[in-house]
Amino acid sequence: MTDLIQQIIGYTLTGLGALFYFYAGLGLLRMPDFYTKLQASTKATTLGTFSVVLGVGILNPSFLGKSLLLIVFVALTNPVGSSVMIRAAYKNKVPVCKETTVDEIAPILTNQESQRNGGENHE
Amino acid sequence: MSGSLLIDLIVFGLTGLGVFFSLLRFLMGPTSFDRLMAIDMMNVIIIGLISLLAYMFKNNMYMDIAILYGLLGFIETIVFARYLENQANTPSNCAETKSMDGDAK
């Protein structure tokens, strides 16, 4: 009985993770813009990896420690990689799509640059 | 057993479709950042695939391989992103230093 419950939970988690991998690929293929594509691919693959690895750890409990370690590792590294990529793309002025109207980081960057230039001029 | 085989087939098929879509984006990406993003997504999906292989083959070593693969993929993403970012920054920095020198003179 416990084997059956364990298999049901494990296969459900694994199938959900595979479905999120599929959705991430679909978003990567169909989104109009670099930034929306990066958001779709990174968020969906992070959740899919959590789900698949946790499902494998529940299906075979001798993998559970390493699967939890892998979940912590993916949760630490994947957002860092996506933020580094999006900063590089923004500094390279990768174009946004037509529907994007709000650019919230541009006034902050110009404020920082003007403050830096003002400080240098005062010195 | 046939039910679990069907579930395994569905899981591997959906994951393989994800890898195939990211490979398509890698082949037809307009900018180099799209290709970098596709490689990063492929790395993260392959971590899940290797842990699925650990369950299929009932071998504990595959989880170590998945952890090591994730570490190398993360380093690869960081290195390529920093390389492209610095490639964009270098000419503008040179222009700024030149203009500042001109102002000083």
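Visitor: In what order do the elements of chain B run from the N terminus on?

Guide: From the N terminus on, chain B runs α-α-α. That is 3 helices and 0 strands. Keep in mind that this is a predicted model.

Visitor: How much of chain B counts as buried?

Guide: Of its 105 residues, 32% count as buried. Another figure concerns contacts in chain B with a separation of 6 or more: residues 24 or more positions apart account for 32% of them.

Visitor: How many residues of chain B are in contact with chain A?

Guide: The size of an interface is often given as the accessible area lost when the parts come together. Here we have residue counts: 42 residues of chain B are in contact with 44 residues of chain A. On the chain B side, the elements giving two or more residues are helix H1 (2–28), helix H2 (32–57) and helix H3 (61–104). The largest share, 15 residues, comes from H2(B).

Visitor: How do the residues on that side of chain B divide by class?

Guide: The side of chain B that touches chain A has 26 nonpolar, 10 polar and 6 charged residues.

Visitor: Which residues of the largest nonpolar core touch the most other members?

Guide: In soluble globular proteins, nonpolar side chains tend to be buried together. The largest nonpolar core in this model has 47 residues, and Ala24(A), Val56(A), Met85(A) and Met41(B) touch the most other members. Both chains take part: helix H1 (2–30), helix H2 (34–59) and helix H3 (64–91) of chain A each give two or more residues, and so do H1, H2 and H3 of chain B. H2(B) gives the most, with 14 residues.

Visitor: How should I read the packing of H1(A) and H2(B)? What are the angle and the distance between their axes?

Guide: Two packed helices are described by the angle between their axes and the distance between the axes. For H1(A) and H2(B) the angle is about 170 degrees and the axes are 11 Å apart. Angles over 145 degrees count as roughly antiparallel, and H1(A) and H2(B) are therefore roughly antiparallel to each other.

Visitor: Which residues make the contact between H1(A) and H2(B)?

Guide: H1(A) brings Gly17(A), Tyr21(A), Ala24(A) and Leu28(A), while H2(B) brings Ala38(B), Met41(B), Ile45(B) and Gly48(B). By class, that contact has 6 nonpolar, 2 polar and no charged residues. As for the spacing, an α-helix has 3.6 residues a turn, so residues three or four places apart point the same way.

Visitor: And how do H3(A) and H2(B) pack?

Guide: Their angle is about 175 degrees, with the axes 11 Å apart. That makes H3(A) roughly antiparallel to H2(B). Among the residues making the contact are Val74(A), Gly81(A) and Met85(A) of H3(A), and Phe33(B), Asp40(B) and Ile47(B) of H2(B). This contact of H3(A) with H2(B) has 10 nonpolar, 4 polar and 1 charged residues.

Visitor: Apart from neighbours within four places in sequence, what is Met85(A) in contact with?

Guide: Met85(A) is in contact with Leu38(A) and, in chain B, with Phe33(B), Leu36(B), Met37(B), Asp40(B), Thr77(B) and Ala81(B).

Visitor: Is Ser22(B) buried or exposed?

Guide: A residue is buried if 20 or more other C-beta atoms lie within 10 Å of its own. Ser22(B), in helix H1 of chain B, has 27 and is buried. Leaving aside neighbours within four places in sequence, Ser22(B) is in contact with Gly25(A), Leu28(A), Ala38(B), Met41(B), Met42(B) and Ile45(B).

Visitor: How many residues of H2(A) are buried?

Guide: 21 of its 26 residues are buried, so H2(A) is largely enclosed by the rest of the structure. Its length can be checked too: at 1.5 Å a residue H2(A) should span 38 Å, and its end C-alpha atoms are 37 Å apart, which agrees.

Visitor: What is the phi of Lys58(B)?

Guide: It is near 55 degrees, a positive value in a residue other than glycine. Lys58(B) is in the loop between H2 and H3 of chain B. With 10 C-beta neighbours inside 10 Å, Lys58(B) counts as exposed.

Terms used: Residues are numbered from 1 along each chain as its sequence is written. Chains are lettered from A and ligands numbered from 1 in the order in which they are written. This is a predicted model: local features need pLDDT of at least 70, side-chain atom pairs count only at pLDDT 80 or more; totals for chains, interfaces and linings use all residues. Two residues are in contact if their C-beta atoms, placed from the backbone, lie within 7 Å. Helices (H or I, at least four residues) and strands (E, at least two) are DSSP runs, numbered from the N terminus. Ala, Val, Leu, Ile, Met, Phe, Trp, Tyr, Cys and Pro count as nonpolar, Asp, Glu, Lys and Arg as charged, and the others, Gly among them, as polar. A nonpolar core is a set of buried Ala, Val, Leu, Ile, Met, Phe, Trp, Tyr and Cys residues joined through C-beta atoms within 7 Å. A residue is buried if 20 or more other C-beta atoms lie within 10 Å of its own, exposed if 12 or fewer, and partly exposed in between; C-beta atoms are placed from the backbone. Axes are lines fitted to C-alpha atoms, for helices over the stretch in contact, and angles run from 0 to 180 degrees between N-to-C directions. Angles under 35 degrees count as roughly parallel, over 145 as roughly antiparallel, 65 to 115 as roughly perpendicular and the rest as oblique. The expected span of a helix is 1.5 Å times one less than its number of residues.
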